[in-house]
Amino acid sequence: MSQSSPFFNRWLSQIGPDQVITILTDLVDAGAVFAVDADGKILFWSKGAEKLFGLAAEAVIGKVCTEALNCDEGRDPCGLAEHGAIKDQLVKLRRPDGNSLSCYRTARAFFAADGRFAGALEFLQPRAATAPSAKSLTDSDSFHGILSRDPAMQEAIKIIRNVAETEATVLIRGESGTGKELVAHALHLESSRGNKPFLAINCAALTPSLLESELFGHVKGAFTGAMRNHAGLFQRAHGGTLFLDEVAELPLELQAKLLRVLQEQSFIPVGADAAINVDVRIIAATHRSLREEVKAGRFREDLMYRLRVVPVFLPPLRERRQDVNLLLWQCIQQHNRHGRRHVDSIAPEAMRRLLDYRWPGNVRELKNVVEYAFAVGRGNEITLDDLPPEFREASPTYSAAPPLIGGNRRANEADLIREALQNAGGHLETAAKLVGMSRATFWRKRKKYGL
């Protein structure tokens, strides 16, 4: 299908092709437009090119483009005659003042009737300088993969550094997605056990019987299906660190066995009659208050004091506003290194929505949002249309949902879960918080009731 009127050529000849091209390229003032002939000599040099490179058209017309642009490694205009077109190729150029310039190059070749290369039209768009440079990050910004400039988070890191020098048991408290396992691993690496095993388990992810076998191991014949001896996590983590995530979900019958390990550094595998001595440091984590769990009769008080020798509190992302931009660009740069799309800027409206968002899923949700943007969007800039639907709504559904507590709770658990899902707009993390459950427990009950 033609993209011009049948009278376009007549109109073009009346006005003059050179004037039309000049005006057309002047509309693109954010980059350089130029044309080269079959020998790579510059035939046309836009005003945007003059502005970008500081070179007047008279100084470059007639020169080979590689000489005028000072391309690193002579990469320009390589490959045009062969490929015919180039889209968003990152090239490094040098201005006359010696300063380097990174640009995205898009070019289209033209060919004569006999198939020979006849020249090309090229567009160079400067790479935006929105992304923070890796050199701008100080040692205090990054700690074993934990990126933060927030004072509360820096205080937590300070505690981690200090307690790592001891053998004290640490309890990490924070919402889901705040990076509790990352903090636990950082503590392990900072300690004298850093070159020993670091093993982790989510206590809410397994049934009580499977959790007992996974933690303490079992001997052959201990139960149906136990065809051989199985070394549990405590045994495999000997000399190192064991991270117990969502420890508040640990069944009461297993809390007693965990208490014994903490007190005596020994345990008895399932089905065995002899104790095994181990040297393991325990780091636990939860999004609940263990004191409230003790009051409710769901957690042993003596175990709470054993686990909570040094508490570390991780602030949610909504309280770390200055970290949002930092974490966004860390995720973007990771995708830039491994994906086809390269992003170097975020549209102002999209950034405003990202900074104003309350991040109920914390850092984990932020990573998912960046992955979503890279999957659905195109181009070098993340726009509002690249973000998930909740960012394009006037008010996110999760903030408008009333808490399901007290009189709002229904006796029927299935109705309670259904109501939470409706109020949270289907967002599992938010729905789980509304009913006071962990995400794993909420997911299991949702599956149980077929919701």
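1. The side chains of Arg 352 and Asp 356 form a salt bridge with an N to O distance of 3.3 Å; the term denotes a side-chain nitrogen of Lys or Arg within 4 Å of a carboxyl oxygen of Asp or Glu. Both residues belong to helix H15 (residues 348–356), where they are four residues apart, about one turn of the helix. Helices (H or I, at least four residues) and strands (E, at least two) are DSSP runs, numbered from the N terminus. Arg 352 is partly exposed at 41% relative accessibility, and Asp 356 is partly exposed at 46%. In this note, buried stands for under 20% relative accessible area, exposed for over 50%, and partly exposed for values in between (1.4 Å probe, protein chains only). The pair belongs to a network of salt bridges that links Arg 321, Glu 349, Arg 352, Arg 353 and Asp 356.

2. On the basis of the model: this is a predicted structure, in which local features need pLDDT of at least 70 and side-chain atom pairs count only at pLDDT 80 or more, while totals for chains, interfaces and linings use all residues. Residues are numbered from 1 along each chain as its sequence is written, and side-chain values use heavy atoms, with hydrogens and water left out.

3. The whole structure contains 17 salt bridges. One of them joins Glu 175 to Arg 318, with the closest N and O atoms 2.5 Å apart. Arg 318 is partly exposed, its relative accessible area being 26%.

4. The loop between S8 and H8 also holds Thr 178, which is buried at 5% relative accessibility. A polar atom of the Thr 178 side chain lies 2.7 Å from the backbone oxygen of Glu 175. Apart from neighbours within four places in sequence, Thr 178 has contacts (heavy atoms within 4.5 Å) with Leu 314, Pro 315, Pro 316 and Asn 362.

5. A further salt bridge connects the side chains of Glu 293 and Arg 288, at 3.9 Å from N to O. Here Glu 293 is buried, at 5% relative accessibility, and Arg 288 is likewise buried, at 17%.

6. Phe 8, Trp 11 and Ile 15 make a nonpolar surface patch of about 260 Å². Patches consist of residues with over 30% relative accessible area and no salt bridge; like charges are joined within 9 Å, and nonpolar side chains (Val, Leu, Ile, Met, Phe, Trp, Tyr) within 5 Å. Ile 15 lies in helix H1 (residues 8–15) and is partly exposed, with a relative accessible area of 33%.

7. As to the overall fold, the protein has 21 helices and 16 strands. Of its 451 residues, 43% count as buried. Among contacts between residues at least 6 apart in sequence, 61% join residues at least 24 apart.

8. On annotation, an unreviewed UniProt entry lists residues 33–63 as "domain: PAS". UniProt positions follow the numbering used here, feature names are shortened, and annotations may be inferred rather than shown by experiment. In the model, residues 33–63 are 35% helix and 29% strand, with the end C-alpha atoms 15 Å apart.

Note on methods:
A polar contact is a pair of N or O atoms within 3.5 Å; within protein, one must be able to donate a hydrogen and the other to accept it, and residues adjacent in sequence count only if both atoms are side-chain atoms. Accessible areas come from the Shrake-Rupley method with a 1.4 Å probe; for residues, only the protein chains shown count as cover.
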